[in-house]
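Please keep the sequence and the structure in view while working through the numbered points.

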Amino acid sequence: MAYQTALTIESVIKDIEAKKYLLPSIQREFVWSTKQIEKLFDSLMMDYPINAFLFWKVPKEKAKEFSFYEFLRDYHQRTGRHNPKANISGSNDIIAILDGQQRMTSLYIGLKGSYAYKISHKRWDNPQAYPARKLYLNVLAESEDSDLTYDFRFLTASEVKSMNEQKDPTGNPVYFWYLVGDIFDVKEEFEINNILFDNNLNMLPQAKFANKALFKLFTVIRRNQTISYYLEESTELDKVLNIFIRVNSGGTILSYSDLLLSFATAQWKEKDAREELNKFMDEVNLIGRGFNVGKDIILKSCLVLSGFSDISFKVDNFNRSNMLVIEQNWEELTNAFRMAVELISSFGYSRENITSNNLIIPIAYYIKSIDSPANFVTSSVYTEDRRLIKKWFIASLLNRVFSFMPDGLLKPVRTIIDNNPGKFPYDKIADYFRGTNRDILFTDDSIDNLLWTKYGTGDLLIVSSVLYPWADLKNNFHIDHIYPKSKFTTKKLAKKGVPEDKISYYIENVNYLGNLQLLEATPNKEKNNKDFDEWLKETFPNPDQLKAYKEKHFIPDVDLSFGNFEEFLGAREELIVAALKKELM
């Protein structure tokens, strides 16, 4: 391994564009955040070292023995996270990056690409939630972040326009966001002055800082030989894999799933493990309202569903023989897992209300044990199986059975399924774990504790799916306060005539299960902030319709006026407890 002459960032970016630099299939995917990229560019501007890179030279006659990928150019958190497969049919040797992919991809995205991450208040499956952002440098002021000197930020075009219009008290602009990639359009250093004149920056009080920032950016990207690197020329995959694992012990730590995927990639014979896993992961995560299944869960499920005696998530279990078994049975394993996710989705669950993806694995194992019938999710033949699986699934969610050490549950459940063919063995599983910290059986006390389920918590939809088995939670249902929350303030309650000694009770209990119901979006909007008794009279003038609504939503036959909230809550909680016991005990 030899140390090479350092390169400029400009030359590296050109070689990435020309696809001279590629990534070996053992590399993990890009994981850096915008903040990490911004800090990298600040480090360059401050002349801080960004560590050496490790390149791997693969002769063209050997390249066909390996798989390579292109660099990611435009990162999209939902639809653009995977590197495209590289075409290596050319006549040149391959230069692959063993160490430094995150930094090198960050340089490319910052200078030539874009970064789209989700806006926090929008749904993950909304395409409008991921606006493309490019890297800009504010040339008028230093960063407000105490850890940084230069103000680099990933911004949308509309954000840039809005911020560039802001003025300080003297009428001078606060920001001038310069698109970092435009530095490639500057052929000679003196042309930087044209940027200042063309944008009327030369007469501003901040002109000196702007001049300094732009000259520094030109220098670090176009002139400085910043990219120091070593070159590895061995074509022995075991040696290269070992080097890769060792050098990736720093930086953004190589996760177990990344490490194990590296082993899988190196050992599969017919399929490309990385491509297959990414393709399948994307597929299952788009089922229903969306899931958040990662590589680790899929790899773990492969160990369990393949029947290996040791299912520990460790390197030794991803040896060559085990990996070949997984490769040979990939379609069968993924078909069962996919069907398990489809089943869970049909129950109304998604990434929003599943507390552990490990719950998918026993369901997938059971489906595989009955040969993964194509109509398992819909056929009346499997109605009882689906009922028992859903009962186990909900009980496991509410009792947090996967909150620690999943192997302590996965192995026994797998054995119970093997020893009890015919139907999903809910009773056998419940008996096995009875009295342990993985007990899924409910008691009077544990049912009563569900009354403390609070508005805004993940458990609320789970409990709602028990109380409202008729509701398709995949569709547009809202959790609604029966007595409007907006009226539960000290001032408003007093105005309603609630006695002073009762006000604290009202406020403390407004968000608990007894005052919550599941409503479709349209009725919920119509109900809005109306008093409950008034809304009932307006909405259900027909006595039969009113009776049906009350039965469906566990509304007791008591005075429903605002002043009777305490009696209503106690009576409704009794009805809810009875319904939960019927379903869960």
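**Notes on selected local features**

1. Leaving aside residues up to four places away in sequence, Thr156 touches Pro131, Ala132 and Arg133. These contacts, like everything below, are read from a predicted model. Thr156 lies in the loop between strand 9 (150-155) and helix 5 (157-164). Its side chain is joined to that of Ser158 by a polar contact of 3.1 Å.

2. Is Thr156 buried or exposed? Buried means a relative accessible area under 20%. Thr156 has 9% relative accessibility and therefore counts as buried.

3. Asn51 belongs to the loop between helix 2 (34-45) and strand 3 (53-58), and its phi is near 70°, a positive value in a residue other than glycine. Asn200 is found in the loop between helix 6 (192-198) and helix 7 (207-223); its phi, near 55°, is likewise positive in a residue other than glycine.

4. Asn51 has 59% relative accessibility and so counts as exposed. Asn200 is exposed as well, because its relative accessible area is 60%.

5. Strand 2 (residues 21-24) has two pairings to trace. With strand 6 (residues 94-99) it pairs in the parallel sense over two bridges, and Leu22 stands opposite Ala96 of strand 6. With strand 4 (residues 68-69), strand 2 pairs in the antiparallel sense, again over two bridges; here Leu23 stands opposite Tyr69 of strand 4.

6. How far apart are the end C-alpha atoms of helix 15 (residues 383-398)? They are 23 Å apart. At 1.5 Å a residue, the 16 residues of helix 15 should span 22 Å, so the two values agree.

7. Helix 15 is mostly covered, since twelve of its 16 residues are buried.

Definitions and conventions. Residues are numbered from 1 along each chain as its sequence is written. This is a predicted model: local features need pLDDT of at least 70, side-chain atom pairs count only at pLDDT 80 or more; totals for chains, interfaces and linings use all residues. Side-chain values use heavy atoms; hydrogens and water are left out. Helices (H or I, at least four residues) and strands (E, at least two) are DSSP runs, numbered from the N terminus. Buried means under 20% relative accessible area, exposed over 50%, partly exposed in between (1.4 Å probe, protein chains only). A polar contact is a pair of N or O atoms within 3.5 Å; within protein, one must be able to donate a hydrogen and the other to accept it, and residues adjacent in sequence count only if both atoms are side-chain atoms. Contact means heavy atoms within 4.5 Å. Two strands pair if DSSP finds at least two bridges between them. The expected span of a helix is 1.5 Å times one less than its number of residues.
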